[in-house]
Amino acid sequence: MALSFAVVASSSSIMCKAINANNHSHLQDLSYIKRAALISDKSAGFTSPHPNFGCVIVTPSVEVVGEGYLYAQGTKPAEVLAVEAAGERCRGATAYVNMEPGDCHGDDTAVSALVQAGITRAVIGMRHPLQHLRGNAIRALRSQGLQVDVLGEDMQSKLVEEAQKACLLVNLPFVHRAASRVPFSVLKYAMTLDAVKYMGHFRQCFLDGIGKIAASSGHAAWISSKLSRNRVFELRGRSDAIIVGGNTVRRDSKYHEHHLCPFGNKVADPRLTARHGGGHMPIRIVLSQSLDLPEEANLWDLSDVSTVVVTQRGARRSFQRYLASKGVEVVEFDILNPRDVMEYFHDRGYLSILWECGGTLAASAISSGVIHKVFAFVAPKIIGGKNAPSPVGELGMVEMSQALDLIDVCFEQIGPDMLISGFLQPIPDLTPTIPSEDETFAIDPTVAPFETSIIFFYKTWDLYGAFSNFSPHPIQMPDEDGNYVTWFSVEHYYQANKFIGVSNPLAQDCIDKIKSAKSPEEAARMGRLTQRRQPHL
């Protein structure tokens with residue numbers, strides 16, 4: 001690293017100026033790494049099951065000339081977009097990335113883009129959490145002559161730790177999934193201010209069932225403000241799935257008969273959608289042991305997004321057939337418990353789950369150790385009632401000293417409400433130790449790394465994180481005239497092919513929209529919606 005300083009009388013003065021210059025450069029590095037993490041978060045929810053990647057390119061004259069982030073699974077890598085934006089100014093520049101590129105097997109697009117563009121230095125916020133990818137891109141960049149600095153390894157300080165944390169938080173679902181073999185789960189609820197006398201124990205009271213999440217009758221409409229509800233829609237849009245329990249479905253279906261748009265503690269609207277009109281929509285999951293659910297519920301309407309009902313084996317076979325006729329997927333477990341359910345959805349490739357359930361299921365999930373973070377929206381309202389439901393049911397605690405303490409608690413005012421958030425479990429180590437297949441087999445020969453009993457996939461999670469219709473590889477396929485046409489991904493071609501050959505202007509319009517979709521997920525959503533709403537096409 002070049003240092004610029006004026007000639008002065010003593011060597012000690014020169015050393016002082018050199019150190020200050022180095023510190024200034026160090027602070028710049030951390031600032032740009034945080035910027036890379038910030039822009040990577042723009043695509044939260046879209047990139048799953050892959051991480052959020054951001055890249056910032058800075059010239060030796062300290063000018064940002066290119067930025068990019070992974071928009072969605074199957075789109076151009078962040079590094080490629082940043083290089084394209086910077087053009088020839090990449091020569092001799094430094095690339096800042098929040099996470100080591102996760103180039104899949106046989107695909108070194110991100111690394112090649114940086115090398116061929118003339119980047120001479122790369123600063124990486126954290127190594128890739130997956131063992132089969134960890135360190136590969138770093139070694140590849142160094143083998144091409146680039147200087148590679150990794151936060152916490154080549155750069156260490158208190159400020160470095162803060163920048164590391166920023167990189168970690170933006171990919172927390174991915175890190176948790178890699179470290180614990182379950183999706184990152186967030187418990188969200190809204191509650192009244194009935195817990196005010198316990199303000200001195202704010203970190204604990206939200207898990208002790210003191211505040212109220214509904215009236216004694218069960219009615220829970222409009223507990224929190226519109227601004228808080230908009231935040232909930234944002235949380236949904238960042239999640240792969242939303243979980244509710246059977247009680248929530250029964251209660252909200254009942255009140256939906258009397259209210260045009262109920263917004264309760266657990267369900268912002270009976271459809272459990274993100275309400276942003278396009279792009280990523282989380283899958284809806286209903287957990288019900290008895291399957292005592294209403295026949296009429298908006299969750300059974302699959303025109304916008306799919307629903308999965310999880311139940312105990314043998315429960316209400318006739319109702320299972322009814323749900324199947326609606327297109328709802330039913331998954332049975334011998335014994336229904338949150339841990340087994342989360343491990344199952346981990347195997348299906350889910351990174352993050354938002355729990356919007358009632359107190360009984362919330363307590364069961366917490367007791368099972370599958371809840372990682374809590375979002376509690378506290379409204380300045382008092383409703384009272386000794387029988388009014390609480391956000392968390394019985395946990396078996398009899399003294400305040402037994403209460404669960406939240407970690408890294410944050411307080412944020414949203415309109416008239418207060419949002420309190422914090423972690424129930426420590427954040428995993430930046431580079432979790434994940435046993436290899438050989439190591440796992442040596443410990444337990446009965447463990448298979450990939451089960452073949454998975455009955456359904458939307459986005460696959462394979463060894464290299466790429467083998468699916470959503471893989472970021474364009475394909476060329478012949479059209480009706482025999483001419484080869486390039487499609488952005490297999491999913492683009494697959495969805496458009498549903499409507500090819502239909503002599504209807506709507507079908508051709510749908511094909512054109514699918515072909516120009518920005519990501520495989522958006523292409524899939526367009527094709528599925530058209531197929532459901534206009535089956536004649």
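1. Two strands are said to pair if DSSP finds at least two bridges between them. In this predicted model, pairing of that kind builds an open sheet of five strands, whose order is β2-β1-β3-β4-β5 and whose pairing is mixed. The edges of the sheet are formed by β2 (64-69) and β5 (147-150), each of which pairs on one side only. On average, and with direction ignored, neighbouring strands of this sheet are turned by 15° against each other.

2. Helix α2 (residues 78-86) touches β1, β2 and β3, and its direction makes about 150° with that of β2. Helix α4 (residues 136-143) touches β4 (121-124) and β5, and its direction makes about 150° with that of β5.

3. How enclosed is β1 by the rest of the structure? Because five of the five residues of β1 are buried, the strand is largely enclosed. In a regular strand the side chains alternate between the two faces of the sheet.

4. The cysteines deserve a separate remark. A disulfide is a covalent bond between the sulfur atoms of two cysteines, and the structure holds zero disulfides. Cys55 is in no disulfide, and the nearest cysteine sulfur, which belongs to Cys90, is 8.4 Å away, whereas the cut-off for a disulfide is 2.5 Å. Cys55 has a relative accessible area of 0% and is therefore buried, while Cys410, at 43% relative accessibility, counts as partly exposed.

5. Ser40 belongs to helix α1 (residues 11-40), and it counts as buried because its relative accessibility is 0%. A polar atom of the Ser40 side chain lies 2.7 Å from the backbone oxygen of Ala37. If residues up to four places away in sequence are not counted, Ser40 touches Asn52, Phe53, Gly54, Tyr69, Asn98 and Val170.

6. The N-terminal end of α14 is capped by Ser489, a side-chain oxygen of which lies 3.3 Å from the backbone nitrogen of Glu491.

7. How are α14 and α15 arranged relative to each other? Their axes come within 9 Å and cross at roughly 175°; angles over 145 degrees count as roughly antiparallel, and the two helices are therefore roughly antiparallel to each other. In residue terms, His492, Gln495 and Ala496 in α14 meet Ile511, Ile514 and Lys515 in α15.

Methods. Residues numbered from 1 in each chain as written. Predicted model: local features only at pLDDT ≥ 70, side-chain atom pairs only at ≥ 80, totals over all residues. Heavy atoms only, no water. Helix = DSSP H or I, 4+ residues; strand = E, 2+ residues; numbered from the N terminus. Buried < 20%, exposed > 50% of the residue type's maximum accessible area, 1.4 Å probe, protein only. Polar contact = N/O pair within 3.5 Å; in protein donor to acceptor, adjacent residues only side chain to side chain. Contact = heavy atoms within 4.5 Å. Axes fitted to C-alpha atoms, helices over the stretch in contact; angles between N-to-C directions. Parallel < 35°, antiparallel > 145°, perpendicular 65-115°, else oblique.
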